[in-house]
Each structure stands twice: as structure tokens, then as C-alpha cells.
Amino acid sequence: MAMTSTLTSTERQIGMALSILLVCLGLVMAGVAKQGPMMVHGGMAVALGLVLVFVLGGALYDQPEPSPERLTQYDDAPIRFGIVMTLIWAVAGMAAGVWLAALMYWPEATPPWPATSYGRLRPVHTSGVIFGFGGNALIATSLYVLQRTSRARLADALSPWFVLIGFNLFCVWAATGYVMGQTQSKEYAEPEWYADLWLVLVWVTYFALYIRTLARRAEPHIYVANWYYMAFILVVAMLHIVNNLAIPVTWGAGESFTIWSGVQDAMIQWWYGHNAVAFFLTAGFLGMLYYFLPVRAERPIWSYRLSILSFWGIVFFYMWAGSHHLHYTALPYWVQTLGMTFSVMLLVPSWASAGNAIATLNGAWHKVRDDATLRFMFVAAVFYGLSTFEGSFLAIRPVNSLSHYTDWTVGHVHSGTLGWVAMIVFGAIYSLVPKLWGREDMAWPRAVEWHFWLAVTGTLIYVVSLWNAGITQGLMWRAYDEGGALSYSFIESVEAMLPYYAARTLGGGLFLAGALLCALNCRATMCAAGDRVDVSDRPLVAQPAE
Amino acid sequence: MLKLHYNLEKISMGLVGAIIAVASVGGIVEIAPLFTIEETVEIPADMRPHTPLELAGREIYIREGCYACHSQMVRSLADELDRYGPYSLAAESAYDHPMLWGSKRTGPDLARIGGKYSDSWHMAHLIDPRSVIPVSIMPAYPWLTRALDTRLIEDSLATLARLGVPYDADMIENATADALAQSRPDSDGAEGVRDRYGEDVPLRDFDGDPDRLTEMDAVVAYLQSLGTLTGEARRLMAEEDE
Amino acid sequence: MTTDPKTLPGADPHTGNREIDPVTGYDTTGHDWGGIRELNTPFPKVALIALVLTFAYSLVAWVLLPTWPLGRDYTRGILGLDQQEMAEEQLRALTALRADWLARFEDPDFGALADDDALMAVAMPAADRLYRDNCAACHGGDGGGGPGYPVLRDEHWLWGGAPPDIALTLQVGINAEHPETRLAQMPAFDWMERGERLALSDYVASLPSGAADPDSPGVPLFAENCVACHGDGGAGGLLNGAPSLTDAATIYGQDVQRIMETLWQGRQGHMPQWSDRLDKAEINALALYVARMSAEEGGE
Ligand code: HEM
Ligand code: HEM
Ligand SMILES: [Ca+2]
Ligand SMILES: [Ca+2]
Ligand SMILES: [Cu+2]
């Protein structure tokens, strides 16, 4: 089942032309830069372009023209690729997380060369899991859900490949750039200007593909999952462009200065950063939840009306909340008040979505008990509720005065990302992989159960230890004795963290073990599928003419 | 309302437009006034931009991801004023593209670190933190003793000048030479650095190796400059005390 | 206001009927996306109440606090709060808490203070925290010093170990930017013959053991070049910044290699001034803390 088998010869030719363009782009980058990360990245583009030329060119000679029959089926080949990339990034990104966690306990383990230092690897972890793992999962599932809920095939055959391959090139540029010391330092937006521009190109294509496919839908109404995926695509584009505006130092250096500075830059950065959480780590995954949970539970969504409230509530309120990352800083007080109050109001639509998901399980609780895949989704909804409650609480200024800068934030982050984001992705993966590779079930159904418990235990150990760490840290920083003098020096608070950091490493290790098991299980499932022909289910209604 | 939505969700471009409109409000209301309300950033008269050497150090600070563990933002909270010194002013990062306020304090805040320790302490600490602080969990940066790459300094100043940082033509033209001269107080160029950046700019060989201009020179120069670009924060606190 | 059921989402336009979900008893909206349906469950009241409550909370905050931008200005809120002023206020309250004991360090009679156990019980922990946040990086958590940084807990002093002397050292620093900083420079003896330097180093290295060879060629060299600063026999104590060399706890290390280095390149340690970071009373408390540290270790 070659990736290229569903492409017509014209499509293969256009694909080759695009690949040659990529080679040219790489050559220009490498040529202009002559050295440093930008040259390496140009080289990567050249290599990728050449591989694609080779693959497509080979297909042009060896592979028969696909039958027109394919147009009556969903286009799942790019989705399969996206799922494989999701699994690869999951293991790589979380392994980086565990390694970082270990370094905070055991800094002497840092090898004495620059590339593996903590500060360079940390964004490899964050970008690796958010963009690599989360992003691939979002793009792949969005294309799957889009087709099923529209009962339409993707609008064209090449752009999904362009989106997925282009996005992964972005992720690889990001991760390898950090390791080589290339970063803009803006959290979650660290890649340099040319990678940022490349992502814009990928994203515009993604949006066009989405909207064109949606236009072919058979059901007049657009399903809620697609509202969320669409909000994810649109708002991430807005955020990405505004936050990454920068002027390159020279065209060849792969270095730039953000056009914003100081307090305005801080506000824009956290308007971006907070809404990267909202629209990357939340809206997109709510889209995922809205499809896979009802399908797996075989239950209707509990309340359509509640869906409307939560969707628009999330889109509106979230965008005001970013300043809660800047409480008590040099950002003017008035913006902080807005951030605080909107974060509190945000709790309502957030809990409305979590509640809607959990209520959807009414009548399917026996399935939650028996089916680890559905249980992943249930736990995801619960953690979504927990972490948004925690988030709104942390956004209240006096609470934030304690939690900000401490490991409490990191605990909150991982209750969201491990408990919610990763769990819902695993639920979706266990639903999807058998379907996409034409099998009844995963190759090792028992391993799903194991993975579930590893993930839940790992998350709890991680989050509970860091809550303790963060609160201890925050209290130590501000503790005064009766004489009115600070009680602890900073370094005493560092020492106090060590047991918690050790526990977090253990929790993260368990979580990683689960993810690894998932990847192996998927691999076994895919291998067992062997050389089956395209098994994509058929759209239920005839395709509108092209 | 329900009916309205019922119709909206049939029109994909309508949904797109609505999402963009609804999602834009918050950002516009919170960000745009930061450019128009004057008291947001008030640049003090004595504020100077970073010297070329400090700027190069800042790039290394960014490259190594120091901001992942260190904030540069003393919040307006009594315990922070007590521990770190005067609260940070918006003006103090007004020339920072981007700002480095940070979001995590695995290590202490560095906004007021300038002058707190000696150059040789910073040097020892960066090469091996545990040689000076046995319980430190900060990573070691032994490779910072390599030569500083000064090729981008001039273009960096020119780019920042375009973005409104007060670097004049003289500063840009002499950027590369000034980077070296700042670490060579006895050289001919040293006077020029003083002329351009002010009498208080430290002119020293920061890494104790006068023959080489190293990344360590740059990072230490940068660290020693933190909190010293303007005296305004300390002045405001002192006024308050009277 | 009642709506005509026929116009409701998903209703059959003729009968107004919709499919009823057997579990919840609610009707569906009538849409079907590849098997997914939605219930037309009425809006849960609790969500509305929560929305109203959180909005009320926000409204109160908006009235009380600075909130809404107005072009070139913003609403100040009726409490008229300013976060910087509030922080200073809080700090003043804390300073007031410690004012009664800290004030006694403003212009202290250290001897009397040190005998006041009640005072020491509050002041020394505070000084200990100051020491750990500011000094331990160089002088070690226990005052044990480190390569390049003098031991503070022993009885040897560069600039005097009485609390007022220590306080002055802290105030102005050593080789620091302070206009009145203490200056300490060990000149480089790079003009000496290498043999002479070796002999000197051997001799100086043997001083702490008390078994220095009186016939060493280092003796005359030392007398000629070093005694002026390091005192007779290198015993120090001249309080000019030059350390005693007869003491095992040295700044840079007392092996021949390190002494050769000292002679070759000279030394100029840098101790930051603390006058602009700590106030006078804090510095005095620290000075007493350091003096007591040394007294505990080795007697006055
Ligand atoms: C109602 C929803 C939420 C609110 C109001 C909220 C609020 C907050 C607050 C107040 C902080 C701490 C800011 C600071 O002190 O620096 C924070 C940090 C963070 N939250 Fe949330 N949160 C919410 C939901 C979530 C969810 C669901 C996730 C993940 C899936 C998440 C991921 C993060 C991340 C990654 C950070 C760290 C940002 C950084 O400092 O790098 N949040 N959030
Ligand atoms: C195996 C599981 C994981 C481990 C052991 C782990 C470990 C870590 C560590 C050590 C940090 C740095 C914390 C610090 O600076 O003090 C971190 C940060 C972060 N991780 Fe993870 N991580 C894991 C999984 C994930 C996943 C799956 C995601 C997202 C989907 C994620 C998102 C983040 C984010 C957003 C931050 C930055 C937090 C901030 O800036 O406040 N992590 N993680
Ligand atoms: Ca970027
Ligand atoms: Ca040097
Ligand atoms: Cu946030």
C-alpha cells in the first residue's frame, strides 16, 4: 500500500514539480546562509525534496494509474502518515521531557557539549510534544473527522501531503535548530523567521484544504468538531503571524529581532502563548473529543445547545485571558484585571464542554468500564475539567502571586497536557489505527489496558509531586519570620525541590513507558495489516462532480 | 439566537468570519492601548541601550536557553522587592526585542544581578556551578570560553536601530570594534565606547583572558549590565522611602 | 415566549416531531454526521447561573480596579489601586515589623548587641538568610571560602575582623566601584628571575607548616619584597588587604603551583560593595553575623 498509489500521474507530476521547488528553496537557503543552522536546514529541505522526487518519479514509472473508484472513498493515506508521525514525535518529545526531568535532579549528567544542554533541549521537548505530537495528531484526525462528518473526500489529493510533510519539516527545523542554538526565545514560538514563514505557507494550504472539503459536505450543517478544528486553524494562524513578526539580522544568518519589544512584546507573547494553549492544546483537541467520544460510546452528544455556548464562550473569553501570565509584572494593572476576570468567566464554557462530554457517556458507562480506549477519552474529559478549573484559579492575582514562576505552573501544564491532551490523543489513536489499517482491533488489546494504567499513574505522580513542589517553593519564597525578615534563601528552595523532581522523573518515566507501548502496539497492528489494499470506508453518498 | 446559530452553522465562510471576529476582540482591546497610553512605558533620561558586547552576550543567553530557568522581572510584591531589589519597570526592557521576562524560576531572578557578583565569580559559576554552589542544579557551560563570533554585531545594531532602539550611525559603524574595545580598557578604542555609551559603562576584561574576546566576555558583560541600564528603578524606590 | 416546535432545530417541519433518545428521554436535533447525533437537551440552568455569577464577579472587579482602556487612558477603579504603590506599602509594613530590632543596628554598639540574646535570636536568622542569598555564593555556606574567596570563619582578616571593620568592608567592597572602596593589589613579580620566584614560592608554601627553612634563599627575597605588605615572616595582620601567609586557610591555595601563579600575574580580588543593595542596618547585622561565625570557629 504505497503512499503514492492513490495519486494520478498528473498529481505525481505536480508533486514532483513541488518537490523540485523544495529542493530549490533548500539550495537557496543553504547558498545564502553558507553556514550555521540555516544552511543545515536548507540541506534538510534539499534532502527531503530529493527523496520525494525519487519516490514520486519511481511511482510514475512503476505504479499503475489509480482507479477512478478511489474518488468514491475517503482519502486516508496522508492520515496514516500523520498518525505514524504522531507516534514518533510522542516518543521523541516525551523522552526529551523525561531526560529534562532527570537533569533537574541530576545536573551533572549533562554531557559537556552544547547541543544537549538543558536550555537547548527544553524547547525540543515543548515543541516536540505540542507541535510534533499534538500537531500531527490534530492535522491527521482533523482530516479524518472532516471527511467522515462531511461525507466527502478531501478536496484534492496533494495538499494533505503538502500540509503534513511541510508541517513535519517545520517541526524538524524547530527541534534541530534549538539544538544548534537557534531560537527566538519566544516560548512556543521559538523557531526562526524562515521556519515561521514556511509554517504560514503550510497553514494557509491547510485552511484552504479544510474549507474546500467542507464546501463539499453532504450534510447541510457543520458538525461541532469542525467548528473547533476550524477555530484551531484560524486562530493559530492569527496568533502565529502577529507574535512572530520579526526582522532578520541578515538574510543569511537565520537570526532575527522580534519587532515588538518590552511590555508590548510581553503582552503579545502571552496573548499568543496562552491562546496556543487555548486553540492548539484545547480547541483542536475538543474537536477530536467531539468526534471520537460519541463514536466510541455510540451515544449522541448530550446537548447541542451547550455545545454552542461552550464553543463561542471558549473562542471569545480565551482571547482575553493571556495577561494572567503577567500578573504583578511591569504590564499595566488594567490589563491584568482583564486577564483575571476573563479567565474566571472562561471556566464556565470550559466546564460546559467537559460536562457535555461526560454527560454524553450517560448510557455507556459499562463501556467506559470495559473499554480502555473509551476510558482514555473519559479521563481526558475529567482532566480537561480539572486543569481548566486549576487554570482559572491560578489566574486570580493573589493566587498567581504564589504560583507564578514556580513548579505549580509546570504541574498545571502537565495536568492539561498529560491528563487531557495526551489522553485524548491516545483514545483517538486506539480508535483510528485499527480502522485505518483495516483491522478489527489493536494487535495487542491487553496492552491498551496496561497503557491506560501507566498513563494515569504517571500523570498523577507527576502532577501531585509538582503541586507539592510548586506550593512549597512559592511559600518558601515569601515566608517571613516573626522578626519581619525573609525566612529562606533562594537556594534552600532549590534544595527543597529535589525529592519532587525525582518523583516527577518517575511519573514521567511511567507515562513515557505507556507511550512507547502504544507506539509498539500500533506498529504491530500496522505490520499485521500487511499489504492490504486501501481499506477506507466509502462515503455514504455520491461525490459531487469535480 | 438559537435560530441564528442554526443558520450560521450551515455557512462555512460565515463561521470563519464569525470566529475571526469573535476571536479578535480580546487582543485588540488589550494590546492596542499599550501603544497609545503614555504612562505604559516612560523612558528615563539616563536609560542607555546595551553595548555591542552586552548585546552579543544577550544573544548567547538566548541561545543557551537561560531564560528557561531564570526570570528577569521583579514583580511588584513585597517579598520580591526584599529579595531582589526594586520592582522592574516597563522601561527597563523597552529596548529588548524580544523581552526576556521569563516564566519559570528554577534559578533566581536575574533582573538585578548586575554588580552583585564579580566577573570571575560569574566565570567560575558558568564553567562549573557546583564549584561555587555545591547544591546548585544549574547546568555547566564550559564551552563559553570559546572565541566570540562578532560577525553579526554591526548588522544587529543596525536592525535594532530600525526597530527604534537608539543606536546612532556612529554606534553602528563602530559596533564590532566597540565589542572588542569594551573588554580592553587600555586599548585605543576604549574611549570611544565611553563616548558612545556613557561614562558608567564597565570597561574590563570580563573573563580574565586579555588576549581573547570570548563568549564568556560577552555573557558576563551582559549579566553585569542587568539592572544597570538606568538608575530609575532605584530612584523611584528611594523617593518612596522619604 | 413559546416557540413553535415545527421551527425547532431538527424537527420534522410538518409534525414538529423529533427522534427521542431512549436513555435520556430527550429528542435529537435530527442531524446525522456519519452516525453522530446530538440531543436537543435544554440549556442547563446551572451553566447560566455560573455564567451570571462569574460575570458578577468580573463586574465588581471592573468597578473596583483599573480595567478598561479608553484610548489614551483607562478606568482607574474606585479603589484607585496602583500595584507598585501597594507593593511598597506592603514592604513598609514588613520593614515596620523588623524596625524595632533592625533600628538597633543603625548605629550600633556591637558589643552590647551581641550580648543581647533576645535580639540575637531574631537578628541572626535574618542575617543568616542575607548571608545565604548574597555572600554564600563566594564565601561558601559555612564561611569556608573557596578558590579566590577568603575564609570568613577563621581568625585571620585582610581588613580587620571587628564588626565595624567588617561592616566597612561590606559597605565599600574591595577593589569595587565604590569611590571609597578598599584597594588590595598583589603586584605581579614577573620581573623576578624564575629561580627566585621558585625559591620564594617554596618558602611561602612552607610557612603554614611552621617548618620553613630559615636558610632558604626565599628568606631574603621575602624580606626585601614582601614584608612591607604581608608583615614580618608573612604573619599578615597589617590590615592593608594583604593576607597572612602563615595561615593554612588561604585565598588562592598555598601550593607552589598556585603561589607561582600569584607571583607571575599578581592578584586583585573583587568583593562587590553592598551599600546600594543592602541598607546600613542590614550590613551591620551581617557584619556581626560574620564576626560571630569566626568567633565560634577559632576564638577572637
Ligand atoms: C480555563 C482554562 C485555563 C486557564 C484560565 C488557565 C490559566 C493558566 C494560568 C493562570 C497559568 C499560569 C501563568 C503563570 O503564572 O505564568 C497557566 C499556565 C499554563 N497553562 Fe493554563 N489555564 C487553563 C487551561 C489550560 C489547559 C487545558 C492547558 C493544557 C492543555 C493549559 C496549559 C498551560 C500551559 C502550557 C501553561 C504554561 C505557560 C508557560 O508559562 O510557559 N492550561 N494557565
Ligand atoms: C513523559 C512525560 C513528560 C515529562 C517527563 C515532561 C517533563 C517536562 C519538564 C521537565 C519540563 C520543564 C519544566 C521546568 O522548566 O521546570 C516540561 C515542560 C513542559 N512540558 Fe512536559 N513533560 C512530559 C510530557 C509533556 C507533554 C505530553 C506535553 C504536551 C502535550 C508537555 C508540555 C510541556 C510544556 C508546555 C512545558 C512548558 C511549561 C512551562 O513553560 O511552564 N509535556 N516538561
Ligand atoms: Ca518564531
Ligand atoms: Ca577576554
Ligand atoms: Cu494562560
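## Where chains A and B touch

Let's start with the meeting of two chains: 96 residues of chain A are in contact with 85 residues of chain B. Keep in mind that this is a predicted model. Put together, the two chains bury about 7800 Å² between them. Of that buried area, 68% is on carbon and sulfur atoms.

## Charged and polar pairs

How many salt bridges are there between chain A and chain B? The count is 3. To see a salt bridge for yourself, look up R120(A) and E64(B), whose side chains meet with 2.7 Å from N to O.

Polar contacts turn up here too: across the interface of chain A and chain B, 25 residue pairs make one, with both partners at pLDDT 80 or more.

## Chain A's side of the interface

Which helix of chain A gives the most residues to the side that touches chain B? That's helix α8, residues 262-297, which puts in 10 residues.

Now sort chain A's side by class. You get 58 nonpolar residues, 25 polar ones and 13 charged ones.

## The iron and the copper

Next stop, the metals. Which residue of the protein is the single donor to the iron atom of ligand 1? Meet H412(A): its NE2 atom sits 2.1 Å away from the iron. To find H412(A) in the structure, follow helix α14 of chain A, which covers residues 407-436.

The copper ion, ligand 5, and the iron atom of ligand 1 are 4.3 Å apart.

Technical notes:
Residues numbered from 1 in each chain as written. Chains lettered and ligands numbered in written order. Predicted model: local features only at pLDDT ≥ 70, side-chain atom pairs only at ≥ 80, totals over all residues. Heavy atoms only, no water. Contact = heavy atoms within 4.5 Å. Buried area = accessible area lost by both parts, 1.4 Å probe. Salt bridge = Lys/Arg side-chain N within 4 Å of Asp/Glu carboxyl O. Polar contact = N/O pair within 3.5 Å; in protein donor to acceptor, adjacent residues only side chain to side chain. Helix = DSSP H or I, 4+ residues; strand = E, 2+ residues; numbered from the N terminus. Nonpolar A, V, L, I, M, F, W, Y, C, P; charged D, E, K, R; others polar. Donors = N, O, S within 2.8 Å, 3.2 Å for Na, K, Ca; no water.
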